[in-house]
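Subject: Structure handover

Hello,

Here is the structure I promised to pass on. Please open it first, then read my notes beside it.

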Amino acid sequence: MNTRPTAPLQPASAPLALVTGSAKRLGRQVIEAFAQAGYDCLIHANQSRDEAMALREQLQGHGIRAEVVLHAIADPDEAAASLVKAAQALFGKLPNASVLFAACYDFDSRLQPDPALMAKQLALNFLFPVQY
């Protein structure tokens with residue numbers, strides 16, 4: 001007599017990777033590797049909307065779920081909370097892996113540094129990873 005349940009088993013949920021700044025450069029390479037490893041992917045971008053949307057289509061071709069969140073990381077506390085909320089809203093869970101590549105590449109004069117620009121770069125490049 002077979003005592004196994006007859007209901008089909010539900011497939012296990014794929015792990016979720018969040019990579020900030022993942023529409024271009026190194027962030028893109030990292031999120032592609034997560035997709036190839038079977039992770040669902042939350043693609044973060046700010047100004048690279050077209051690249052992020054094209055990447056989403058490409059990653060979905062791997063048979064995984066991929067979504068895009070477009071968000072400027074100006075305030076570290078708000079940005080961290082926003083990305084967590086986006087993961088929960090789009091995937092129903094928190095990321096199993098997070099890699100933070102979003103960065104600010106604005107230049108000013110070394111002879112007359114711009115304090116507002118320095119604060120922006122400090123917030124994104126150093127404070128955001130700590131807040132997240």
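Below is what I found, going from the whole chain to single residues.

**The chain as a whole**

Keep in mind that this is a predicted model. The chain holds four helices and four strands. Along the sequence they follow the pattern β-α-β-α-β-α-β-α. Of the 132 residues, 35% count as buried. Among contacts with a separation of 6 or more, 63% join residues 24 or more positions apart.

**The sheet**

The four strands form an open sheet. Their order is β3-β2-β1-β4, and the pairing is parallel. β3 (66-70) and β4 are the edge strands, and each of them pairs on one side only. On average, neighbouring strands are turned by 15 degrees against each other, direction ignored.

Now the individual pairings. β2 and β3 pair in the parallel sense over five bridges. Here Cys41 has Ala66 in β3 as its bridge partner. Two helices pack on the sheet. α2 touches β2 and β3, and its direction makes about 165 degrees with that of β3. Helix α3 (residues 76-91) touches β1, β2 and β3. The direction of α3 makes about 140 degrees with that of β2.

β1 and β2 also pair in the parallel sense, over four bridges. Leu18 stands opposite Leu42 in β2.

How many of the five residues of β1 are buried? Five of the five, so β1 is largely enclosed by the rest of the structure. Its side chains go two ways. Leu16, Leu18 and Thr20 point one way from β1. Ala17 and Val19 point the other way. All of these are buried.

**Helix α1**

α1 covers residues 25-36. Its twelve residues should span 16 Å at 1.5 Å a residue. The end C-alpha atoms are 17 Å apart, which agrees.

Which residues of α1 are buried? They are Gly27, Arg28, Ile31, Glu32, Phe34 and Ala35. These residues cover an arc of only 155 degrees around the axis, which puts them on the same side of α1. The background is simple. An α-helix has 3.6 residues a turn, so residues three or four places apart point the same way. On the other side of α1, Leu26 and Gln36 are exposed.

What covers the buried residues of α1? The cover includes β1 (16-20), β2 (40-45), α2 (49-60) and β4 (97-100). After α1 comes Gly38. The phi of Gly38 is positive, near 95 degrees.

**Helix α2**

α2 also has twelve residues. From its first C-alpha to its last, α2 reaches 17 Å. That is close to the 16 Å expected at 1.5 Å a residue. The buried residues of α2 are Ala52, Leu55 and Leu59. They cover an arc of only 60 degrees around the axis, which puts them on the same side of α2. These buried residues pack against α1, β2 and β3.

**The aromatic pair**

The count of aromatic pairs comes to one. Its partners are Phe34 and Tyr39. Their ring centres are 4.9 Å apart, and their planes stand at 65 degrees. Planes over 60 degrees apart count as edge-to-face, so this pair is edge-to-face.

Are the two residues buried or exposed? Phe34 has 16% relative accessibility. Buried means under 20%, so Phe34 counts as buried. Tyr39 has a relative accessible area of 22%, so Tyr39 is partly exposed.

**Pro95**

Where is Pro95? It sits in the loop between α3 and β4. At 19% relative accessibility, Pro95 counts as buried, because the limit is under 20%. Pro95 and Leu42 are 53 residues apart along the chain. Their C-alpha atoms are separated by 8.4 Å. Leu42 is the residue in β2 that stands opposite Leu18.

Best wishes

Definitions and conventions
Residues are numbered from 1 along each chain as its sequence is written. This is a predicted model: local features need pLDDT of at least 70, side-chain atom pairs count only at pLDDT 80 or more; totals for chains, interfaces and linings use all residues. Side-chain values use heavy atoms; hydrogens and water are left out. The expected span of a helix is 1.5 Å times one less than its number of residues. Buried means under 20% relative accessible area, exposed over 50%, partly exposed in between (1.4 Å probe, protein chains only). The arc is that of the directions from the helix axis to the C-beta atoms. Contact means heavy atoms within 4.5 Å. Two strands pair if DSSP finds at least two bridges between them. Axes are lines fitted to C-alpha atoms, for helices over the stretch in contact, and angles run from 0 to 180 degrees between N-to-C directions. Rings of Phe, Tyr and Trp (its six-membered ring) pair if their centres lie within 6.5 Å; planes under 30 degrees apart count as stacked, over 60 as edge-to-face and the rest as tilted.
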